[in-house]
Amino acid sequence: SYWRGGPKAKLVEYRFASLIGRKDAFFHNSGSAALLTGLYALGANEYSTVAISSSGFVASLNALYHMQSRPVFLPTDEQTLVCQADVSEWVANPVDILLVTQLLGNVVDIDYVLRTTQARLLLEDASQALGSILNGQYVGARGDVSTFAGSNRKLLGAGQGGINVYD
Ligand SMILES: *Cc1c(COP(=O)(O)O)cnc(C)c1O
């Protein structure tokens, strides 16, 4: 734990960040908290529009709700249960932040969705896809902030917890 400086926790953060190909990581008490501080770090507020996977995890929507940001729901692909590739006609207003959920190990074509939404910033919720690969990179490698959850039913079961990775 972080008690008395938490040298072991810091080491695990560093190793986890390295595994994903990022510079740094930060532990949280839950995946939900990691999403919330991720959005906060990206400057989300009541004036922000955040595009979000319509088939994501409820924690993403909760984080948006806490920041009072405006959601734009992206359509879901029936095969993969992640954002459909062509979202351009669904997004009328400028999007500040794209929050994608990599659901059930499936991977969103992030470049395509970033292009079509023209979002400035990316928050990647990789909680359900630790180890999945897109274009040679682990999921979580792309987000300005990327989050993982660690409760017992997640891929990395740690009892409870979450972690953010970033550069
Ligand atoms: C579980 C999960 C979360 C939230 O994690 P908690 O630790 O339960 O708060 C967020 N996103 C996804 C995709 C999850 O599966």
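Student: Which residues touch the most other members of the largest nonpolar core?

Tutor: In soluble globular proteins, nonpolar side chains tend to be buried together. A nonpolar core is a set of buried Ala, Val, Leu, Ile, Met, Phe, Trp, Tyr and Cys residues joined through side-chain atoms within 4.5 Å. Buried means under 20% relative accessible area (1.4 Å probe, protein chains only). Here the largest core has 15 residues, and L35, L39, L42, I97 and L123 touch the most other members. α2 (31-41), β2 (49-53), α3 (58-67), β4 (97-101) and β5 (121-125) each give two or more residues. The largest share, four residues, comes from α3. Helices (H or I, at least four residues) and strands (E, at least two) are DSSP runs, numbered from the N terminus.

Student: Where do these coordinates come from?

Tutor: This is a predicted model: local features need pLDDT of at least 70, side-chain atom pairs count only at pLDDT 80 or more, and totals for chains, interfaces and linings use all residues. Residues are numbered from 1 along each chain as its sequence is written, and side-chain values use heavy atoms, without hydrogens and water.

Student: Which residues come nearest the ligand?

Tutor: Near means that a heavy atom of the residue lies within 4 Å. Of the 14 residues around the ligand, G31, S32, D125, Q128 and K154 come nearest. α2 gives the most to this shell, three residues.

Student: How far is the polar side-chain atom of S32 from an oxygen atom of the ligand?

Tutor: A polar contact is a pair of N or O atoms within 3.5 Å. For S32 the distance is 2.5 Å. D125 has a polar side-chain atom 2.6 Å from a ligand nitrogen atom.

Technical notes: Buried < 20%, exposed > 50% of the residue type's maximum accessible area, 1.4 Å probe, protein only. Polar contact = N/O pair within 3.5 Å; in protein donor to acceptor, adjacent residues only side chain to side chain.
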